[in-house]
Structures are given as structure tokens and as C-alpha cells.
Number of protein chains: 2
Amino acid sequence: MKKDINVCYFQSGGPTAVINSSLYGVLKEAKKKGVHVFGSHNGIEGLIKDDLIDLSCLDEKDIELLPQTPGVLLGSSRKKLNDDVTIWDSILKTLQKHDISAVLPNGGNDSMDTCAKLGEHFSKSGISVVGIPKTIDNDLALTDHCPGFASAARHVMNQVKLISIDAHSYGKGKVVLIEVMGREAGWLAASSDLLEAPFHPDLIHLPESDFSEETFLKEVEEAYKRKGTCVAVLSEGIPVHHDTLAFYDSFGHVSQEGVALELGKLINKRLGIGVRTVILSTPVRANPYLVSKQDSLEASELGAAALDAALDGQSGVMMAIKRLSNEPYSYEIIPVPAKDVANKNRLFPKEWILSTSSLSPEFHAYLKPLLRGSIDVKTDEEGLFLSASLQK
Amino acid sequence: MKKDINVCYFQSGGPTAVINSSLYGVLKEAKKKGVHVFGSHNGIEGLIKDDLIDLSCLDEKDIELLPQTPGVLLGSSRKKLNDDVTIWDSILKTLQKHDISAVLPNGGNDSMDTCAKLGEHFSKSGISVVGIPKTIDNDLALTDHCPGFASAARHVMNQVKLISIDAHSYGKGKVVLIEVMGREAGWLAASSDLLEAPFHPDLIHLPESDFSEETFLKEVEEAYKRKGTCVAVLSEGIPVHHDTLAFYDSFGHVSQEGVALELGKLINKRLGIGVRTVILSTPVRANPYLVSKQDSLEASELGAAALDAALDGQSGVMMAIKRLSNEPYSYEIIPVPAKDVANKNRLFPKEWILSTSSLSPEFHAYLKPLLRGSIDVKTDEEGLFLSASLQK
């Protein structure tokens with residue numbers, strides 16, 4: 001009798017609009033290959049605490065809703081693995097108990113650290129560990145781009161366009177500041193550069209560009225004088241002086257969430273111009289209506305490819321996207337060493353920043369093919385999107 | 001030879017996602033009736049300054065994009081008319097110059113003040129003035145509901161659901177505060193009450209309910225202890241103490257935009273819990289992807305009905321919606337005196353506020369039929385919505 005093959009998939013780090021598309025890809029491929037899939041509840045913590053979810057609990061209807069389900073369906077975690085032997089013992093016990101021969105971590109650079117460590121640790125136990133990338137920040141090394149980024153970029157572009165139209169409703173306009181997620185890498189804010197006039201932002205500031213409050217005030221004033229409005233797109237992580245414009249939460253972490261609101265107060269005080277601030281916040285990574293079909297497809301393909309690679313005996317790798325050409329867009333999925341992705345940030349290229357109001361056409365050519373196609377979002381009668389659920 | 005009939009339509013006040021659907025309705029009906037339509041640029045100001053736009057400049061493609069075009073296409077204004085004779089003379093001159101026999105102001109309660117005054121002033125000149133309602137705040141008197149509200153409500157409901165799913169991604173969650181437009185009336189924040197568990201907010205605070213910071217902190221703490229997260233939906237206009245939690249802009253106006261961010265800091269400081277704040281802001285009134293088909297249809301019908309009423313010689317009225325039944329939903333469009341709508345606010349009924357976490361089922365029955373159906377949003381190849389434009 002053929003032995004059952006069991007694999008364990010988990011989700012880790014912040015959500016993207018397509019992380020559950022990767023779960024979809026894993027489940028579809030597993031069905032094809034006759035493989036049984038467990039989900040680890042709350043990332044690596046499920047493996048530590050033997051808190052696994054038998055994913056055969058998902059019926060066909062739920063599975064088909066995965067590509068339009070925001071959040072991380074299995075729960076997430078930001079736990080990092082260290083040398084604590086009891087934790088490693090717990091993980092091994094869970095894997096053995098459920099006879100699991102492969103682990104598929106789905107996450108960002110912290111999760112690829114977990115992936116590399118798991119791969120190394122279990123290299124002699126015959127357990128394969130293959131990572132699936134995801135992050136809206138698009139800052140993972142060794143992959144052309146990251147699942148989740150394009151859908152978030154599409155959200156940003158659509159929001160900036162509609163906010164910009166809305167802002168131009170009055171003869172005498174306001175300054176509109178739009179804050180976009182991205183603490184270290186500015187890929188998402190940068191995507192607003194694809195908008196054409198009259199929707200193109202007057203200013204785009206990334207964490208990778210220099211920032212001075214005085215220069216910013218001058219830029220805003222100049223644009224406002226010329227046009228009667230000024231729309232500025234700001235990454236959350238623009239390098240402001242923490243002493244004056246950031247705040248510290250109760251854990252002592254510096255938070256720049258709301259930095260645009262602080263800059264708005266400064267503009268109002270110093271320039272005497274009305275300001276409207278929009279913080280795009282978490283909907284950027286969770287909007288089913290603006291999922292890019294290409295992004296969803298790649299997330300799914302990477303999930304399937306990770307399962308296949310693991311069944312093939314590969315380990316300690318992350319499946320990555322290698323672009324072959326822009327137009328027509330083509331790519332292949334390749335394994336890269338997870339340890340070379342771990343804990344690294346691929347920032348927006350400085351040479352693509354032409355000014356505070358324009359980025360390189362190379363960036364446009366890079367992003368455009370990733371944005372294409374829409375998914376058909378199923379809703380209830382009152383127009384509320386449906387979502388998959390583990391609760392029955 | 002039959003004399004040409006010229007009418008002048010204008011938009012006033014804040015945008016809604018369907019105000020351009022009313023323009024659509026006016027243009028379609030005008031075509032049917034052989035009437036020529038001018039648009040007044042920037043609300044009443046276009047009539048004062050003889051700045052009219054001949055709307056035959058809009059081609060068929062642009063007209064078909066109107067229902068998915070955010071903002072106010074013709075530009076808006078917040079100008080109020082007073083007794084200044086020179087202004088009235090200017091308006092009359094513009095009307096006479098273009099041989100205009102009807103004026104159609106499309107706006108909220110301030111605009112219905114303008115509508116009433118224009119109607120009264122020109123009652124003997126044979127110029128009809130008929131208003132078309134709009135406001136996301138749903139606070140106009142004498143109409144069952146207001147075009148723009150349902151689409152904004154649908155945006156709020158979808159956003160609260162996706163933010164709530166996103167917020168539950170971690171085992172240990174945060175408090176999530178969602179700030180929704182609505183300075184005086186809480187209809188929009190209230191719409192989140194239609195979400196069912198597990199997406200229903202833990203707290204809903206409206207401008208119409210009492211608010212104390214201490215009680216709020218207790219409510220948040222209690223929900224967080226019980227569930228490990230707490231999602232609160234707050235109207236911008238909740239009655240906080242202005243001294244501590246609001247700020248004044250350079251014009252001396254009190255602004256509560258960002259009040260949720262201030263409350264978030266308070267929660268973080270006093271309860272030591274992590275907080276994520278999402279300010280839904282202007283996209284609530286500008287999102288083409290969440291336009292309710294019913295809302296768009298009614299906005300268009302009200303535009304057409306206003307034109308018909310004006311051609312019929314009615315004046316000083318606003319076209320309103322009178323609901324006949326909830327299920328099946330039916331209504332009729334009737335004229336009401338614009339002066340009785342002007343400068344009034346219809347607040348959310350206090351008797352529908354059952355607690356800080358639940359509203360009356362009567363409100364659900366009221367809102368549900370207005371949310372139904374979707375419009376098919378046309379996009380470019382990269383998934384950016386298309387919009388109508390006056391610039392050729």
C-alpha cells in the first residue's frame with residue numbers, strides 16, 4: 001500500500017491580498033498529487049504547540065473563495081526561531097506525530113529566516129522545507145518581485161486617482177497628503193508614478209529618498225501656487241526627524257503611522273493652507289476588489305511549485321520569480337537559497353528616483369505587466385464580498 | 001420654428017460617488033426631450049461669473065463613464081447666496097445671455113438653500129429652479145434617503161470587513177479604530193452594523209450617541225480582554241472634548257479629522273495595548289468599485305425627474321425619494337419645497353441606537369435595499385478605472 005504523504009503549510013508575517021491564493025495553489029496541487037495538507041495555526045507557533053488544522057475541512061466553496069479572502073486564513077505570527085532546544089524538540093514531535101514530510105512556510109524575509117533554519121535543522125531527517133514568498137513591500141531579495149505587491153500597487157494607484165479627482169472638486173483646493181505603507185522600501189508609494197496627468201501626484205516621497213521638512217514645505221507651496229492644489233504621496237517610512245514627527249508606542253517602538261497627519265499640521269501652521277490627509281493603511285493589503293489577476297496567479301503558482309519542489313526533495317529554498325521579458329511578459333519559477341533571502345531588504349533602486357515628482361520609465365515597464373487582469377469578486381446580495389472561513 | 005430650450009445644471013458641496021450619475025440622468029433625459037444643457041463651472045460661481053460649459057462637449061464615451069467617475073465633474077463650490085444685488089444681477093445676466101429657462105442645482109442642504117433662494121428670486125421671470133439631492137451623510141430632510149449615501153455605506157461595510165479580517169491575522173491582536181466621515185450625522189458609521197459576526201465591529205460610536213473617553217476606554221478594554229482584539233467604528237463627529245482631542249486649522253475651524261488617531265494614542269498610553277488606526281477619509285465618497293447600482297440608478301432618475309419637473313414649470317422644489325415599501329423595495333420620486341430642506345440636518349434616529357455595539361433591525365431593513373447591485377467598472381489594461389473628463 002502506498003504511504004500517505006502529509007505536508008504542513010503555514011502563513012507568517014503581515015497579510016497580503018493574495019497570500020490565500022498561495023494556499024489555494026498548494027491545495028489544488030496537493031489534490032492533483034494526492035497529498036494531504038495540514039495548516040499550522042498562527043505560523044510556526046502551530047508546529048511548536050501541535051496546533052495543526054486539517055485543511056480537508058475546507059470545502060470546495062471555501063477553496064474557491066480563497067483568492068478573494070483577505071488576511072491570513074490560518075493566522076500569522078512574527079515569532080523568530082532561536083537555539084532554544086525545547087522549541088526544536090516540540091516542532092520535531094509535531095512533525096513526527098503527523099508524519100509530515102514537508103513544511104511550506106509562506107512569508108517575507110523573517111519567514112525565510114525560519115525557512116532556512118527549519119531546512120538546515122531537518123536536513124538529515126528527510127523533511128523538506130520550501131518557502132513561498134509574499135510581501136506587499138516588494139523587498140525580498142533574489143526574486144524579481146513578490147506576490148502581494150502588484151495588488152497593493154493597484155490599490156494605491158486607484159486610490160490616488162480617486163482621491164486626486166475628489167481633491168480637485170473645488171476651485172480653491174487643499175493640499176492632499178496620502179500616506180502609504182512601506183517602512184523601509186518605497187515600492188508601493190512609487191507605484192503612484194504610473195498615473196498620468198492630471199492624476200499624477202505632484203510629489204512622491206520614498207524612504208529611499210532624502211527628506212527635509214523645509215524642502216518639502218517649499219515643494220508643497222510651489223505646487224499649490226502653480227495649481228491651486230497639491231497631491232503628495234508619502235511612504236510611511238520617509239526619513240523625518242523622529243524627535244519632531246514620529247511617536248513611540250507603549251512598547252518603545254518608533255511608529256511613523258500618521259506621519260502624514262503630522263506633516264499636514266505643519267503645512268497648515270506654516271503655509272496657512274487647508275490640508276486633507278488620507279492614510280491608506282491596511283486596506284492596501286486586503287482589498288479583494290483590486291487584486292491583480294496576474295498577482296493572484298503567480299501567488300498560486302508559487303504555492304504549487306513549492307509543494308512540487310518539496311516532493312522532489314528540495315529543501316532550504318524559496319521559490320522565486322525570474323523575469324524573462326517585459327512585453328510580452330514572461331517568467332519562470334526557480335528555487336533560490338532561503339538563507340540568502342532571510343533578513344534582507346531589497347530597496348527601491350536609487351537610480352530610478354529621478355526627482356521628487358518622477359521615477360524612471362524602467363520602473364513603469366517593470367510594474368505594468370504585474371498589474372493586469374481582475375478577479376471576479378463574489379458578493380452577497382448587498383454587495384459585501386464573500387470570504388473563506390475555517391469556522392464551520 | 002420651435003424655440004430651443006436651454007437649462008443650466010450645477011454641482012455643489014462635497015462629492016459623492018454618484019453625483020455624476022445625476023448629471024448622467026439629466027443629460028439622457030435632455031437628449032430625449034431635445035433640451036440643451038449648460039453646466040455651471042464650480043457651482044453657483046459659474047452663473048455669477050458667466051463661466052458656463054456647453055455639455056454637448058461630452059461625447060458618448062464620456063457620458064457612459066459618468067456613473068463611474070468620482071468627484072464633481074463640473075467643479076463644486078460652497079458659496080452661499082446673500083442679498084448682494086450685484087451677485088443677483090450677474091446671475092440674471094448670465095441666465096438671460098444664454099436664454100436659460102431652468103436651473104438644476106445638485107447638492108446638499110446648503111445647496112437647497114441656494115435652490116430655494118434662486119427659485120424665489122426668479123419666480124416671476126419664468127425661470128424654474130429644481131434641486132437634485134446628494135450627500136453621503138444621508139442627512140437631508142423630506143427625502144427617505146440621499147443619493148450617494150448607499151454607495152458610501154457599501155464602501156464602509158466592505159472596508160470594515162476587510163480591515164477586521166486583516167486585524168484578526170495575529171493570535172495577539174491590536175485595537176483597530178476605524179474613523180468614518182460624518183460630522184453631525186452618523187448614518188455612514190452606522191452602516192457597519194449590518195456586518196454579521198465575526199466581522200461585526202465591537203463598538204460603533206455615532207455623533208448622535210453620548211461619548212465619554214473613560215467609558216470608551218473601559219469598553220475597549222473589556223472587548224480586548226474577551227477577544228484579544230477590538231474593532232471600533234467611529235464617526236468623525238463623535239462628541240469628544242474639543243480641548244483635548246480636536247485641533248483647530250489655520251482658519252480657526254475645529255476639525256475632528258484624525259480624532260481616532262488621538263483616541264488611539266490615548267488607548268496606547270492608558271491601556272498599554274497596540275493600536276492600528278484607519279481613517280477611511282475621502283475614498284468613502286469616491287470609490288467607483290463599490291457604487292451601488294440602486295444608488296446610481298436613483299441618482300440618475302432624480303436628475304431626469306428634476307429636468308422634467310422644471311420643464312413642467314415647477315420651481316423652488318427638490319426632487320425627493322418617497323419609499324413605498326422595503327421588500328420588495330419600491331419608491332416614487334416627488335417634489336418637496338427646497339426651503340424646507342435647506343440648512344436642516346436629519347440625524348440618525350436616537351431610538352435606533354440600542355447600545356454602543358448594536359443598532360435597530362429597522363435600520364437594517366431601511367438600508368439593505370439601497371445597497372443592491374453593482375456597476376460594471378471599465379478599467380484600462382493595468383486595472384485603473386477610467387473616468388470622464390471635460391478636457392479634450
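The model is predicted. The area buried between chain A and chain B is about 5300 Å², and the contact draws on 66 residues of chain A and 67 residues of chain B. Over all chains, the structure holds 28 aromatic pairs.

- Carbon and sulfur atoms give 55% of the area of about 5300 Å² that is buried between the two chains.
- Of the area that chain A buries against chain B, 13% comes from A:Tyr170, A:Arg276 and A:Glu382, which is more than any other three residues supply.
- Between chain A and chain B there are 8 salt bridges.
- Polar contacts between the two chains amount to 18 residue pairs, with both residues at pLDDT 80 or more.
- On the side of chain A that touches chain B, the elements giving two or more residues are helix H6 (149-167), helix H10 (259-271) and strand S11 (275-279) of chain A.
- H6(A) gives the most to that side, with 9 residues.
- Sorted by class, the side of chain A that touches chain B consists of 27 nonpolar, 23 polar and 16 charged residues.

**Aromatic pairs**

- A:Phe211 and A:Phe216 form a tilted pair, at 5.3 Å centre to centre and with 45° between the planes.
- A:Phe211 has a relative accessible area of 12% and is therefore buried, the cut-off being under 20%.
- A:Phe216 is also buried, with a relative accessible area of 1%.
- In chain B, Tyr289 and Phe385 make an edge-to-face pair: B:Tyr289 and B:Phe385 are 6.3 Å apart centre to centre, with 85° between the planes.
- This pair links distant parts of the chain, since its two residues are 96 residues apart: B:Tyr289 is in the loop between strand S11 (275-279) and helix H11 (293-311) of chain B, and B:Phe385 is in the segment after helix H12 (361-367) of chain B.
- B:Tyr289 and B:Phe385 are both buried.
- A cluster linked by ring pairs contains A:Phe149, A:Trp187, A:Phe348, A:Trp352, A:Phe363 and A:Tyr366.

**A:Asn138**

- A:Asn138 sits in the loop between strand S5 (128-133) and H6 of chain A.
- The relative accessible area of A:Asn138 is 0%, so this residue is buried.
- Apart from residues up to four places away in sequence, A:Asn138 touches A:His145, A:Cys146, A:Phe149, A:Trp187, A:Arg346 and A:Tyr366.
- Among these neighbours of A:Asn138 are A:Phe149, A:Trp187 and A:Tyr366, which also belong to the ring cluster.

**A:Thr94**

- A:Thr94 lies in helix H4 (residues 85-97) of chain A.
- With a relative accessible area of 3%, A:Thr94 is buried.
- A polar atom of the A:Thr94 side chain lies 3.0 Å from the backbone oxygen of A:Ser90.
- Leaving aside neighbours within four places in sequence, A:Thr94 is in contact with A:Gly46, A:Leu47, A:Ile48, A:Asp50 and A:Leu52.

Terms used:
Residues numbered from 1 in each chain as written. Chains lettered and ligands numbered in written order. Predicted model: local features only at pLDDT ≥ 70, side-chain atom pairs only at ≥ 80, totals over all residues. Heavy atoms only, no water. Contact = heavy atoms within 4.5 Å. Buried area = accessible area lost by both parts, 1.4 Å probe. Salt bridge = Lys/Arg side-chain N within 4 Å of Asp/Glu carboxyl O. Polar contact = N/O pair within 3.5 Å; in protein donor to acceptor, adjacent residues only side chain to side chain. Helix = DSSP H or I, 4+ residues; strand = E, 2+ residues; numbered from the N terminus. Nonpolar A, V, L, I, M, F, W, Y, C, P; charged D, E, K, R; others polar. Buried < 20%, exposed > 50% of the residue type's maximum accessible area, 1.4 Å probe, protein only. Phe/Tyr/Trp six-rings, centres within 6.5 Å; stacked < 30°, edge-to-face > 60°.
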